[in-house]
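Let's walk through this fold together, starting with its helix pairs and moving on to its sheets and domains. Keep the 3D view open as you read.

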Amino acid sequence: MVPRVIFGRGSFNQLSEIISPNRLNTKAPFIYLVDDVFKSNTWLTSRISLSYDDKILYISTKEEPKTSQVDQLVEDIILTCKERPSGIIGIGGGSILDLAKAVSILLTNEGSAENYQGWDLVKNPAIYHVGIPTISGTGAEVSRTAILTGPKLKLGINSDYTPFDQVLLDPELTKDVEKNQWFYTGMDCYIHCIESLNGTFLNEFSKTYGEKAFDLCKEIFLADNLSVAESQDKLMMASWHGGMSIAYSQVGVAHALSYGLSYYLGVKHGIGNCLVFDHLEEYYPEGVALFKTMKAKHDIELPQGICANLTDAEFDIMIKVALSLEPLWENALGKKWKTIITPEKVKSLYQKI
Ligand code: NAD
Ligand code: ZN
């Protein structure tokens with residue numbers, strides 16, 4: 001679990017005070033990985049106080065993080081810093097938070113990021129790393145994984161060294177998120193709850209967090225009486241609880257299929273989950289019905305025909321990625337999942353998207 005967390009509107013102003021005790025020496029900088037959506041947004045960046053050799057690296061999130069991108073960042077940091085950094089601070093959505101976690105691990109573990117995709121492959125503790133979400137929903141701020149697309153798979157670096165040492169939750173930072181993106185990333189949280197609460201891996205630990213996050217999602221996406229600030233505050237906490245819920249259980253059918261879409265077509269996680277979940281009545285009837293109500297309430301029109309012109313060979317690539325995520329299927333459908341879900345079945349689901 002994340003050992004230290006601070007929550008509050010405006011708490012971003014305390015960042016420097018929070019991290020400064022962790023500065024190793026004047027030659028060991030803090031490196032800020034910041035979503036480049038904030039490059040021209042001085043509202044946020046002017047509040048980052050840089051000392052000594054500290055620096056901000058602006059990162060595009062047009063594409064989701066890749067193992068090669070982590071390797072490149074680590075190499076650049078090693079080449080340009082006098083000493084190993086004092087810490088990595090990720091400021092952005094799930095993409096930047098996962099990059100920050102992975103970079104902090106690869107600064108103390110040899111080789112390429114792709115060697116660590118999987119479960120418990122990391123040998124050495126990461127350097128101090130701090131996560132500051134600027135959009136709510138993925139739960140990446142609290143989870144034990146850093147999801148990366150590698151040459152072979154989209155798979156997380158899951159390890160005890162992955163979680164942040166410190167998280168700063170300032171809901172005000174989410175104020176400029178565009179509406180569709182707010183819905184897609186918010187629905188990632190909602191889908192985490194549905195998949196966790198309806199999974200066979202469910203236990204009281206996951207259930208407690210999942211139910212709270214589910215109730216918050218219903219308030220945020222269905223109630224009419226929330227102020228903007230209340231909605232931002234609640235979604236940030238829903239994301240946290242949703243992440244905690246899957247940390248001790250697993251996601252399910254929507255995530256397995258969404259990973260296939262993302263791996264081959266580059267469809268981003270939030271919208272990919274929505275595209276898939278819209279067609280999963282068979283597995284999550286009540287959850288999908290409520291999703292459709294939320295979608296209608298917020299006038300969200302999902303793109304159609306994403307998979308319309310794919311060849312059989314292309315479908316096969318996506319099916320292979322989706323079916324390789326065995327724990328997700330086992331959580332969703334039980335130990336005998338292979339008798340229920342076949343490549344043909346997965347293809348028929350992709351063909352609806
Ligand atoms: P994202 O980080 O890609 O951000 C989505 C978009 O929102 C980007 O265009 C970004 O520039 C913009 N944005 C972010 N903050 C903003 C702000 N305050 N104002 C305006 N625009 C802003 O998307 P995401 O949905 O947060 O994350 C998706 C990624 O998270 C995927 O790579 C996925 O694999 C990963 N993920 C990780 C976990 C985990 O547990 N580690 C869980 C779920 C998803
Ligand atoms: Zn997710």
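## Helices that pack together

Helix α6 (residues 204-222) and helix α7 (residues 228-247) have axes that come within 8 Å and cross at roughly 150 degrees. Axes here are lines fitted to C-alpha atoms, for helices over the stretch in contact, and angles run from 0 to 180 degrees between N-to-C directions. α6 and α7 are therefore roughly antiparallel to each other; angles over 145 degrees count as roughly antiparallel, under 35 as roughly parallel, 65 to 115 as roughly perpendicular and the rest as oblique. Helices (H or I, at least four residues) and strands (E, at least two) are DSSP runs, numbered from the N terminus.

Before going further, a word on what you are looking at. This is a predicted model, in which local features need pLDDT of at least 70 and side-chain atom pairs count only at pLDDT 80 or more, while totals for chains, interfaces and linings use all residues. Residues are numbered from 1 along each chain as its sequence is written, and chains are lettered from A and ligands numbered from 1 in the order in which they are written.

Back to the pair: the crossing of α6 and α7 is left-handed, a term used if the near helix is turned anticlockwise from the far one by less than a right angle, with right-handed used if clockwise. Among the α6 residues in the contact are Y209, A213, L216 and I220, and the α7 side includes L235, M237, A238 and M244. Contact means that the C-beta atoms of two residues, placed from the backbone, lie within 7 Å. The residues of this α6 and α7 contact divide into nine nonpolar, six polar and three charged. In this scheme Ala, Val, Leu, Ile, Met, Phe, Trp, Tyr, Cys and Pro count as nonpolar, Asp, Glu, Lys and Arg as charged, and the others, Gly among them, as polar.

Helix α6 also packs with helix α5 (residues 179-197), at an angle of about 140 degrees and with the axes 9 Å apart. That makes α5 oblique to α6. Their crossing is left-handed, and the residues that meet include C189, Y190 and C193 in α5 and F214, C217 and F221 in α6.

A further pair is formed by helix α8 (residues 253-265) and helix α11 (residues 312-324), whose axes come within 8 Å. α8 and α11 are therefore oblique to each other, and their crossing is right-handed. Y259, L261 and Y263 are among the α8 residues in this contact, with I317, M318 and V321 among those of α11. By class, the α8 and α11 contact has 11 nonpolar, one polar and one charged residues.

| Helix pair | Angle between axes | Axis distance |
|---|---|---|
| α6 and α7 | roughly 150 degrees | within 8 Å |
| α5 and α6 | about 140 degrees | 9 Å |
| α8 and α11 | roughly 130 degrees | within 8 Å |

## Two open sheets

What is the strand order of the open sheet of six strands? The order is β1-β9-β6-β4-β2-β3, with parallel pairing; two strands pair if DSSP finds at least two bridges between them. β1 (4-7) and β3 (55-59) stand at the edges with a single partner strand each, so one side of each is left without a neighbour in the sheet. The twist averages 15 degrees from one strand to the next. Inside this sheet, β2 (residues 30-35) and β4 (residues 87-92) pair in the parallel sense over five bridges, and Y32 has I89 in β4 as its bridge partner. Helix α4 packs on the sheet, touching β2, β3, β4 and β6 (129-133), and its direction makes about 170 degrees with that of β4.

The other open sheet has three strands in the order β5-β8-β7, with mixed pairing. Here β5 (118-119) and β7 (145-149) are the edge strands, each with a single partner strand. β7 is joined to β8 (residues 154-158) by five bridges, and the two run antiparallel. One bridge pair is L148 with L155 in β8. Helix α4 (residues 94-106) packs on this sheet as well, touching β7 and β8, with its direction at about 95 degrees to that of β7.

## Two domains

The domain assignment, which comes from an automatic or database source, gives domain 1 (4-174) and domain 2 (179-351). Their C-alpha centres lie 25 Å apart. Across the boundary, 20 residues of domain 1 are in contact with 27 residues of domain 2. The side of domain 1 that touches domain 2 has five nonpolar, nine polar and six charged residues.
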